[in-house]
Amino acid sequence: MSGVPEQPDRLWRSAEPRRHYQVVIVGGGGHGLATAYYLARNHGIADVAVLERGWLAGGNMARNTTIIRSNYLWEASAGIYEHSLKLWETLEAELGYPILFSQRGVLNLAHSPQEVRDGVRRVQANLLAGVDAQWLDPTDVAAVCPIVNVSPQLRYPVLGATYQPRGGIAKHDYVAWGFARAATDLGVDIIEHCEVTGFKRRDGRVTGVRTTRGDIGAHTVALSAAGHTSVLADMVGLRVPLQSHALQALVSDLLQPVHPTVVMSNAVHVYVSQAHKGELVMGAGIDAHNSYSQRGAVHVIERQLAAAVELFPVFARAHVLRTWGGIVDVSPDASPIVGLTGIDGLTINCGWGTGGFKATPGVGWCYAHTIAHGQPHNLNAPFTLDRFTTGALVDEHGAAAVAH
Amino acid sequence: MMLITCPWCGPRNETEFHYGGEAGVAYPTDPAALSDEEWGRFLFVRANPKGVLHERWSHSAGCRRWFSLHRDTVTHEVGPAR
């Protein structure tokens with residue numbers, strides 16, 4: 001596996017907040033930074049501030065398992081995720097920065113006859129939507145990833161898998177830093193340790209934010225705060241259909257390359273890849289109850305590891321190096337909400353739940369369009385807030401219920 | 001691992017319980033009178049506070065009783081329904 005490049009001392013310019021911007025983005029994670037970059041690059045809007053409560057990309061951007069794929073069931077989902085995947089394929093050149101994007105393929109295992117039927121259906125839907133997809137039987141699964149136990153003796157045997165060869169992983173920190181550097185080069189202000197504490201309103205319109213570093217006016221305030229979206233929305237009287245949960249992940253000690261691809265299993269709640277440095281990176285399902293504490297329960301990790309060891313017997317000799325949690329915002333149909341809010345001057349990007357990392361360039365592209373034009377891009381038009389009034393849900397639970 | 005007090009069985013591990021989300025969400029008295037927006041809000045929108053949440057739990061691996069409690073979503077401190 002390739003080495004990890006050396007980093008310079010400073011990659012982006014930290015700014016003091018000015019009193020007014022055309023666009024203030026709340027949340028300095030991957031989505032917020034990508035949105036700022038594409039606002040400047042695609043729409044010529046560089047009068048942009050990205051406000052971050054903590055340090056840059058220290059929330060879910062630092063806590064996810066970096067899986068990238070676009071093999072979602074519905075056309076609307078395949079549209080935005082495939083747009084994102086195409087951007088990933090050229091992102092390193094676009095940003096002029098290494099992001100270690102590795103298209104090593106993603107396997108989604110099926111463990112029951114119903115999962116087989118769903119998987120085969122999803123492969124067909126993907127092919128119709130222009131997304132690369134294959135159905136593999138257990139022998140082919142073992143050929144792609146020899147360490148998967150495909151014995152029929154398992155409690156939940158592997159009956160097959162969907163395979164997206166163009167899927168893979170990227171180095172999450174480098175993605176954030178690459179976007180931050182490229183955005184500041186185009187004139188965007190990145191302001192860390194600046195927490196939004198309220199909103200400025202005039203005649204119903206949002207005209208700016210109140211922060212721990214003073215008031216900042218804006219023509220448009222663009223929320224991009226993942227698990228804390230409800231906290232911000234409550235300040236402005238906007239009710240959003242989100243529930244915040246802790247989602248945990250863990251890494252093993254550094255190992256020789258043993259795992260050539262990405263394996264996900266919804267039924268036994270584990271997904272795993274091997275990072276460039278050599279650690280196994282594993283995620284689980286969410287903790288069931290609402291939470292804003294960036295840590296989860298040990299029993300969730302225990303079940304995840306039990307599933308991992310059953311599927312990958314060689315993992316029994318690995319050690320857990322560290323575990324952590326992030327706060328994810330789960331929507332009722334497991335699809336994101338990206339668009340207008342019904343409040344002038346306020347846009348929203350949230351509801352990505354457990355799977356927002358893979359969408360980073362795609363949502364940045366579409367959210368920037370939404371902000372610049374005051375109208376959704378056609379790829380995020382299905383993901384409006386008002387689908388929970390009209391009933392036009394994008395129900396991805398069938399395709400992506402647990403692991404994203 | 002939280003220690004949750006079932007009103008019937010006493011304090012038990014979190015793993016014995018099933019989560020039920022926000023408590024006190026009443027079914028609309030006249031559902032047909034609701035606008036689409038109000039109905040959508042009833043179906044899909046629940047409280048999601050950073051702080052104390054009044055919520056439902058079921059002692060599903062024990063006596064199977066449903067009950068309410070208050071829990072802080074940051075500290076996970078659990079208290080009885082008030």
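A disulfide is a pair of cysteine sulfur atoms within 2.5 Å of each other, and by that rule this predicted model holds 0 disulfides over all chains. Local features are described only at pLDDT of at least 70 and side-chain atom pairs count only at pLDDT 80 or more, while totals for chains, interfaces and linings use all residues, and side-chain values use heavy atoms, with hydrogens and water left out. Residues are numbered from 1 along each chain as its sequence is written, with chains lettered from A and ligands numbered from 1 in the order in which they are written.

View 1. A disulfide is a covalent bond between the sulfur atoms of two cysteines. In chain B, the sulfur of Cys9(B) lies 3.6 Å from the closest cysteine sulfur, that of Cys63(B), which is too far for a bond. Cys9(B) is partly exposed, with a relative accessible area of 26%, where buried means under 20% relative accessible area, exposed means over 50%, and partly exposed is in between (1.4 Å probe, protein chains only). Cys145(A), on the other hand, is buried, at a relative accessible area of 0%.

View 2. Helices (H or I, at least four residues) and strands (E, at least two) are DSSP runs, numbered from the N terminus. Helix H2 of chain A covers residues 75-95, and its 21 residues reach 29 Å from the first C-alpha to the last, close to the 30 Å expected at 1.5 Å a residue; the expected span is 1.5 Å times one less than the number of residues. A kink of about 50° is centred on Glu89(A), the bend at a residue being the angle between axes fitted to the seven residues ending there and the seven starting there. The buried residues of H2(A) include Tyr81(A), His83(A), Trp88(A) and Leu91(A), and among the elements that cover the buried residues are helix H1 (30-43), helix H5 (172-185) and helix H8 (360-373) of chain A. Just after H2(A), Gly96(A) takes a positive phi of about 65°.

**View 3. Helix H5 of chain A.** The end C-alpha atoms of H5(A) are 20 Å apart, which agrees with the 20 Å that its 14 residues should span at 1.5 Å a residue. H5(A) is mostly covered, since 10 of its 14 residues are buried, including Tyr174(A), Phe179(A) and Thr184(A). The buried residues of H5(A) pack against H1, H2, strand E8 (189-191) and H8 of chain A, and H5(A) is followed by Gly187(A), whose phi is positive, near 110°.

**View 4. Two alanines with positive phi.** Ala57(A), although not a glycine, has a positive phi of about 55°; Ala57(A) is found in the loop between strand E2 (48-51) and E3 of chain A, and at 7% relative accessibility counts as buried. Ala226(A) has a positive phi near 45° and is found in the loop between strand E11 (214-223) and helix H6 (229-235) of chain A, where Ala226(A) is partly exposed at 27%.

**View 5. Where chain B meets chain A.** Here 22 residues of chain B are in contact (heavy atoms within 4.5 Å) with 24 residues of chain A. The two chains bury about 1,900 Å² between them, 57% of it on carbon and sulfur atoms; buried area is the accessible area (1.4 Å probe) that two parts lose on being put together, summed over both. Phe44(B), Asn48(B) and Lys50(B) supply 36% of the area that chain B buries against chain A, more than any other three residues.
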